[in-house]
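Let's take a walk through this structure together, one feature at a time. Please have the sequence and the 3D view open side by side.

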Amino acid sequence: MKNKILFILAFLVTCFYTAVGQEVKNRVNALPVVEGAYTNGIKNDWLVHKVETKSGVFRSKDGKDIVLSNGIISRTFRISPNAATTSFKILSDQEELIRAVTPEATVQINNFNVEVGGLKGQANLAFLYTDWIDSLKASPFAFSLKNFSIGKPEKRFDWKQIRPASNTNWPPKGVRLQMDYAMNDIPVDALLKLSSNSETGRERLVYDDYTSLNRERIIKISNSHPRSSFINEGKPGEIYTPKNTAVYAEYKLPENVGIVEAIIDPGTDESSSWGAGLALVWKNQIIKFNMRTGTEEGANTTPFKFLVYDGKNENTRAGFKQDVTFNKPWKLRFRIKGNDVYCEAAPVGEKWKTLHTVSLENNSSPIAARVGKLGKHADGKDNDVIGKIVRLKVQEFAVYSTVKEEKVEELKRQLNILNDITISVNYELYDGVPVLSKWVTIQNNSSEEIIVNNIVSEYLKFADYKPSGGYKGHPEFRKKPNVYLETDYAFGNQNGEIASSSSVHWGTDQDYITQISWNQDILNTVQIYPEHEYHVVVKPKEEMESIRGFILPIDSREEERRSLHIRKMKRTIAPWITENPMMFHLTSSKPEEVKNALHQCNEVGYEMLNFSFGSRLNMENNKAGNLAKFKDYAVYADRLGIKLGGYSLFSSRRVSEKDDVINPQTGKRGGFARFGNAPCAGSEWGLEYFGKLIQFFNETGFKTFTQDGPYPGDVCASTTHPGHNGLADSQYKQWEITTDFYKWCKSEGIHLRLPDHYFLTGGNQTAVGYRENNWSLPRREQLVHTRQNIFDGTWEKTPGMSWSFVPLLQYHGGGAAATIEPLNEHLDHYEMMLVSNLGMGLQSVLRGKRLYDTDETKKMVQGVVKWFKKYRAILESDIIHIRRADGRDLDYMMHVNPELKEKGFLLVFNPTDNVIKKKIKVPLYYTGITETANIREQGNQSISYQLNREYEIEIEVEVKPNWYNWFVIE
């Protein structure tokens with residue numbers, strides 16, 4: 001591998017054994033015993049009833065375990081011989097979520113991969129018998145538990161609350177557990193026995209990266225086709241040849257070879273015995289190890305993905321069944337130890353796995369190595385049927401010596417650094433909600449700076465959910481465990497689960513050999529880490545913190561209940577989302593139009609005014625005149641009780657060749673960014689951009705910010721940008737720069753509207769989800785789209801987390817038929833748009849130059865705003881999705897909140913040209929009402945209804961053509 005000293009500290013059951021200290025055990029014994037609701041679960045439904053049980057840290061009766069519990073979920077840690085999660089439960093039905101023990105974290109420091117906590121030796125990874133736990137052993141090379149502390153959750157950043165919010169608990173109430181780990185005293189000799197990195201303690205003897213011609217290569221090319229080549233179109237290492245033919249490079253080997261390895265991208269090859277691989281050559285024996293990317297007859301249908309020829313026999317099932325794909329480069333290697341040759345493989349960037357072992361006839365050194373398409377017996381012979389032309393690439397080839405003394409000294413130095421590092425694994429469990437947060441901190445107590453390449457802050461092996469013996473190439477049938485994970489490292493989407501896919505990595509477990517799937521491809525593991533890792537320099541006596549993961553076990557597969565879990569979680573861990581100010585987006589910055597809009601906001605009851613795109617506001621202009629102009633507007637607005645804000649575009653723009661994100665393939669900008677082109681947040685321009693925004697807010701007093709195209713997750717290959725070192729750390733550093741700004745905004749009370757999922761780092765709202773061109777459709781169609789968008793966009797978001805869109809002026813075309821202006825000429829449509837949004841608790845991007853144009857329009861807007869504010873608490877509560885708009889019949893949604901007087905609010909729309917009168921069923925379970933519901937149509941006299949056994953009522957509703965009706969439920 002290029003310039004890497006990467007090793008995996010693997011498990012060894014030997015005489016090394018480090019138990020957790022007696023002081024830790026004594027502290028555990030001082031904890032209260034877990035019992036009652038903390039082990040059996042609370043009796044009431046936490047989504048309906050207020051939970052009085054508080055989060056706590058306990059011990060098991062025998063003192064062997066630490067237990068985190070809040071009566072809804074619990075997580076149990078065995079503490080000796082090392083700390084490890086041995087149980088993670090939903091307490092209501094005692095559902096055990098995990099099937100196998102894993103490390104509490106994995107870190108890579110100075111290219112060393114080290115486990116943190118964890119226990120080894122579980123016999124069967126499908127389940128964990130409790131009596132097995134006592135027999136599990138600690139890895140001597142893992143960081144071991146040395147101490148723990150208990151406290152309260154801490155603020156991730158400051159939130160200055162200057163506007164009403166329905167949840168003001170910050171930080172969330174609950175309990176915090178910190179577990180501190182340090183390295184054991186590891187003998188270097190033991191490390192060398194277990195290292196799976198090729199360069200650990202070794203000298204590199206031969207290396208070829210195929211960037212140029214190499215005279216040490218001896219090329220063998222098949223005669224089956226005139227285009228057969230190992231240097232295709234001038235590119236060394238690129239093999240172009242028929243499928244079942246042999247084309248390879250051979251290298252003479254020196255004495256004392258310990259490891260031979262290669263990186264190969266199999267490309268379009270679909271071969272079995274002629275698949276790409278490695279071979280070692282002795283005078284009297286050849287060993288071949290290759291990828292089985294297909295079959296000689298056609299596409300691959302076998303789960304046996306590797307093949308080994310030992311000089312006499314061909315093992316077509318090396319490595320047993322493997323859920324692997326060859327759509328990216330793989331590492332293959334031979335590791336020679338005495339008379340044994342270990343055949344090992346891994347995707348690039350992952351740990352080696354031994355798939356087969358060949359015993360040599362004698363322990364002499366190999367005289368040559370071959371790499372490429374080798375033939376069935378690695379002798380260069382073609383098959384009788386050569387097949388179609390394929391293309392593949394040998395990317396690297398390397399040979400390493402046996403262990404060298406000078407390399408051992410370097411290992412000792414690295415181990416000394418690791419001995420001066422403290423790793424803390426932190427957990428927060430919150431009151432009244434099944435949410436656990438987890439993150440890792442690394443304290444560098446050494447005298448040298450370190451590079452934290454990566455931190456896997458969570459690694460769990462979940463019990464299978466609806467496993468299948470195979471998916472026939474249809475991944476949509478693979479079901480994930482019923483656990484929702486989200487992190488603060490999320491971008492590029494308005495949906496939290498999709499945005500967090502840049503850091504939440506679901507996968508399969510190839511060590512779980514008893515699973516029902518023949519290919520071992522069940523999704524049953526999850527890890528949390530940035531997709532491009534960290535690569536952060538930590539100076540002596542300083543520390544760094546990982547991203548934060550939030551884990552939400554879900555007790556039902558019913559969609560609405562799952563949705564309510566997620567919404568309750570977000571109100572708990574990001575309470576600023578419950579701010580929901582009424583905001584008008586102004587398309588002008590002319591003094592007379594600004595003042596008119598401010599007075600209109602004041603008169604109808606709107607609370608904020610935002611200078612929209614097209615208003616000619618430039619927040620990057622830090623000239624004194626520009627700052628003074630908008631400060632004067634803010635002072636004027638304050639007198640009217642209105643807060644101002646502005647709009648700025650970040651990603652979807654070109655800045656300059658030196659400041660835009662650089663394409664790692666071309667070394668230039670363009671052609672790969674999410675929006676085609678984008679500036680780098682870590683460039684000189686990017687750092688100045690955020691600095692100018694801070695200056696603008698500080699000097700003008702603006703209190704809301706709409707950023708279009710926030711950082712979407714682009715990487716950048718520049719090595720001259722001051723905000724990151726290169727490609728490796730570019731994604732993490734840009735995210736850090738962006739979110740540091742959002743956190744600063746939160747500390748200043750600035751409301752953030754971002755068309756992306758930055759809620760956990762300070763964002764207040766994102767789009768509910770809409771297609772901008774739809775606002776060019778006829779007005780009547782826009783109404784149906786609006787309610788469809790709201791129905792679809794509030795499954796995982798509370799009403800206050802979303803904005804919709806109501807362009808008052810023409811937007812993207814459509815002419816008069818699509819436009820609300822003049823407002824008084826389309827009063828009914830204007831009201832329906834307002835009610836469709838405000839009635840569902842959403843603030844729309846109500847965009848134009850005025851809120852009203854006549855007294856009649858003013859009266860209508862005032863009336864809708866007054867209605868919204870009267871029922872604001874219930875209208876900003878959770879939505880129950882009942883019937884999605886389809887333009888054919890009534891569509892309706894309902895708000896619920898069992899803690900309010902108005903426990904429900906039903907809003908019904910009629911999109912047709914006829915009066916509709918009919919009976920509809922209304923589900924009331926999440927209102928908390930169990931027997932009798934009092935319904936008030938449009939706030940009038942109440943009528944009582946008895947709930948059926950499904951917590952439903954049936955009521956008759958009547959709605960005028962193209963209009964709405966509403967019902968308060970008490």
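**Helices, a sheet and aromatic rings**

Helix H10 (residues 684-700) packs against helix H11 (residues 727-747) at an angle of about 5 degrees, and their axes are 11 Å apart. Angles under 35 degrees count as roughly parallel, so H10 and H11 are roughly parallel to each other. On the H10 side, the contact is made by Leu687, Phe690, Leu693, Ile694, Phe697 and Asn698, while H11 contributes Ile737, Thr738, Phe741 and Trp744. Sorted by class, this contact has eight nonpolar residues, two polar ones and no charged ones. Keep in mind as you look around that this is a predicted model.

Next, turn to another helix pair. Helix H12 (residues 779-793) and helix H13 (residues 827-838) also pack at an angle of about 5 degrees, with 10 Å between their axes. H12 and H13 are therefore roughly parallel to each other. Here Arg779, Gln782, Leu783, Thr786, Arg787 and Ile790 of H12 meet His829, Met832, Met833, Ser836 and Asn837 of H13. How do the residues of the contact of H12 with H13 divide into nonpolar, polar and charged? Four are nonpolar, five are polar and two are charged.

Now for a sheet. Four strands make up an open sheet with antiparallel pairing, in the order E7-E30-E33-E32. Its edge strands are E7 (98-100) and E32 (504-507), each of which pairs on one side only. On average, neighbouring strands of this sheet are turned by 40 degrees against each other, direction ignored. Alanine 100 stands opposite lysine 461 in E30.

Finally, look at the aromatic rings, where the count comes to 59 aromatic pairs. One of them joins phenylalanine 157 and tryptophan 576: the ring centres are 5.1 Å apart and the planes lie at 45 degrees, so the pair is tilted. Phenylalanine 157 sits in the loop between strand E10 (144-151) and strand E11 (174-182), and tryptophan 576 in the loop between helix H7 (559-573) and strand E37 (583-586), so the pair ties together parts that are 419 residues apart in sequence. Both phenylalanine 157 and tryptophan 576 are buried. Phenylalanine 696 and phenylalanine 702 form an edge-to-face pair, 5.1 Å centre to centre with 90 degrees between the planes. Phenylalanine 696, at 0% relative accessibility, counts as buried, and phenylalanine 702 counts as buried at 1%.

Conventions. Residues are numbered from 1 along each chain as its sequence is written. This is a predicted model: local features need pLDDT of at least 70, side-chain atom pairs count only at pLDDT 80 or more; totals for chains, interfaces and linings use all residues. Side-chain values use heavy atoms; hydrogens and water are left out. Two strands pair if DSSP finds at least two bridges between them. Helices (H or I, at least four residues) and strands (E, at least two) are DSSP runs, numbered from the N terminus. Axes are lines fitted to C-alpha atoms, for helices over the stretch in contact, and angles run from 0 to 180 degrees between N-to-C directions. Angles under 35 degrees count as roughly parallel, over 145 as roughly antiparallel, 65 to 115 as roughly perpendicular and the rest as oblique. Contact means heavy atoms within 4.5 Å. Ala, Val, Leu, Ile, Met, Phe, Trp, Tyr, Cys and Pro count as nonpolar, Asp, Glu, Lys and Arg as charged, and the others, Gly among them, as polar. Rings of Phe, Tyr and Trp (its six-membered ring) pair if their centres lie within 6.5 Å; planes under 30 degrees apart count as stacked, over 60 as edge-to-face and the rest as tilted. Buried means under 20% relative accessible area, exposed over 50%, partly exposed in between (1.4 Å probe, protein chains only).
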